[in-house]
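I opened my notebook and went through this model step by step. My notes follow.

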Amino acid sequence: MNKPLRRVSVFCLTLIIALMAWVTWIQGAKAGSYRSDPHNPRVAIGKYAAPMGNILVDDHPVTGSAETSGSLRYKRTYTDGALYAPVTGFSSQVYGSTQLEALYGDLLDGTDSRLQSPADALARKRPKGGDVATTIDASVQKAGYAALGGKKGAAVALDPATGKILGMVSTPSYDPGKFAGSDDKDATAWRALSDDPDSPEVNRALRQALPPGSTFKLVVAAAALENGLYSSVDEPTRSPDPYTLPHTRTQLTNESASAPCENADIRTALRYSCNTVFAKMAADLGKDKVRAQAEKFGFNDAKIDTPVRTGKSVYPKDMDEAQTALSGIGQFDDQATPMQMAMVAAAIANGGELKTPQLVDRITDGSGNTLEEPGTKSYGRTMSAHTAEQLRSAMRTVVEKGTGTNAKIDGLTVGGKTGTAQHGVDNSGTPYAWFVSYAQDDRGRQVAVAVMVEDSGAARDEVSGNGLAAPVARAMMKAALR
């Protein structure tokens, strides 16, 4: 063989070897990733080839599957879709999936390896999809949704003893069934959802962090008691009225000039929501002690999973003394989700021990056999039992004699804290209304609730935590302890 022909032969052989290696790589090492790639149409065809498992509330399915005439044989359906969308998320043939639908997608569509029996494996048969049983109490969810009505906001109800999420409401909401398929109507519904300026697809209960306003005073009170700044909620504080912010000429006043806030004890300061008391208290404690207390409740933790991940609630690190004072009344750069403030209320209700919020009670296979139960998990101790008892007592005073009277429920012990947070430059926007609370019945059962009303359409001077948010909390607490 002459030299040029030999070179051509070697070159062709090299190409053949490279092609064979590439084919082996594609069909072997990369097969799994291509098989699960969402851009691979076979993934969607397989996912929707059979009815999916369901997401359950009170052991009843709030999802389903309906047969279609397209190549994707089944599409997702939802019962009371708008009511449960913050819980389920959505599963769409075109637009993917979110929340529980996404996190448990393999279980629901039958591809989870735990579902496959030896017979299924031999026959290469996909088993029936499993189910996800949630911790949601339908009556609590419905009560919160109805009470929020047309307002933009969110509400969370927790069982303090277990961390179970009994209600998780976000409004305005959306019906995930309207874009579960792949026809023109689904596309139109998706565009309408995407273009809605109120962002109904945002889970405000978990993801919307806003200034918590005066509800944050509970965190500052806990820090003051835990660090020995004051010995009890009935010890007078050292609090001038008005209070001049440190190293400034700015005077901080209270909502009511007649409120007895000068040197008020913590019980009285919570009852009348005295800004001067808690701003001075935060400045006296210092930013590090307040932040340490806030972080025990979950602030600054970006990895709280329910298992749906919550948005990060923030207590700032870099502040001067004046900013620290403002942070003590839930302003400056404080940010909290409704879930975070429900965790604060739950920890106080549960004697200082905070349980990690949990949305899933158990997951089962297609025959109803339990595969996994997350169970109760401790987030950590936030304060002593004595401090928690002191704060519960002060919160009861807020509901019985103070700014939270709209949360009273006959036959139940109720404690709470109102909040109205500034919004916009120089407080130019409509304030946010907050209410955090706990209730207990004569059998010792408890529930903790946080409500945030972002926009109610009410006039600025009509916005208050007691007027807008407390009735929502009241409805959810009453339903939980019915």
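Which strands does helix α8 lie across, and at what angle does it run to β9? I looked this up first. Helix α8 covers residues 138-148 and lies across β8, β9 and β18. Its direction makes about 25° with β9. I note here that the model is predicted.

**Entry: the sheet**

Next I traced the strand order. Five strands form an open sheet, in the order β9-β8-β18-β17-β16. The pairing is antiparallel. I then asked which strands stand at the edges. They are β9 and β16, and each has a single partner strand, so one side of each has no neighbour in the sheet. I also looked up the turn between neighbouring strands. On average it is 10°, with direction ignored.

**Entry: strand β8**

I sorted them by the way they point. Lys-152, Ala-154, Val-156 and Leu-158 point one way. Gly-153, Ala-155 and Ala-157 point the other way. Both groups are buried.

Then I checked the partners of β8. With β18, residues 446-455, it pairs over seven bridges in the antiparallel sense. I wrote down two residue pairs. Ala-157 has Val-449 as its bridge partner, and Leu-158 stands opposite Ala-448. With β9, residues 165-171, β8 pairs over six bridges, again antiparallel. There, Ala-155 stands opposite Val-169.

How many residues lie between β8 and β9 in their hairpin? I found six. Gly-163, in the turn, has a positive phi of about 85°.

**Entry: Arg-291**

I moved on to helix α14, residues 287-297, where Arg-291 is found. Why does Arg-291 count as buried? Its relative accessibility is 17%, and the cut-off for buried is under 20%. I listed its contacts, leaving aside neighbours within four places in sequence. They are Asn-300, Tyr-315, Pro-316 and Lys-317.

**Entry: the cavity**

Last, I searched the whole structure for cavities. One cavity of 30 Å³ or more turned up. The largest cavity has a volume of about 40 Å³. Its lining includes Gly-298, Asp-301, Lys-312, Thr-337 and Met-343. By class, I noted three nonpolar, six polar and two charged residues in the lining.

Conventions: Residues are numbered from 1 along each chain as its sequence is written. This is a predicted model: local features need pLDDT of at least 70, side-chain atom pairs count only at pLDDT 80 or more; totals for chains, interfaces and linings use all residues. Side-chain values use heavy atoms; hydrogens and water are left out. On a 1 Å grid over the protein atoms alone, a cavity is a set of points where a 1.4 Å probe fits but cannot get out, and a pocket is an open set with protein on both sides within 12 Å along at least five of seven lines; lining residues have an atom within 4 Å of a point. Grid points are joined across faces, edges and corners, and a volume is the space filled by probe spheres set on the points. Ala, Val, Leu, Ile, Met, Phe, Trp, Tyr, Cys and Pro count as nonpolar, Asp, Glu, Lys and Arg as charged, and the others, Gly among them, as polar. Buried means under 20% relative accessible area, exposed over 50%, partly exposed in between (1.4 Å probe, protein chains only). Helices (H or I, at least four residues) and strands (E, at least two) are DSSP runs, numbered from the N terminus. Two strands pair if DSSP finds at least two bridges between them. Contact means heavy atoms within 4.5 Å. Axes are lines fitted to C-alpha atoms, for helices over the stretch in contact, and angles run from 0 to 180 degrees between N-to-C directions.
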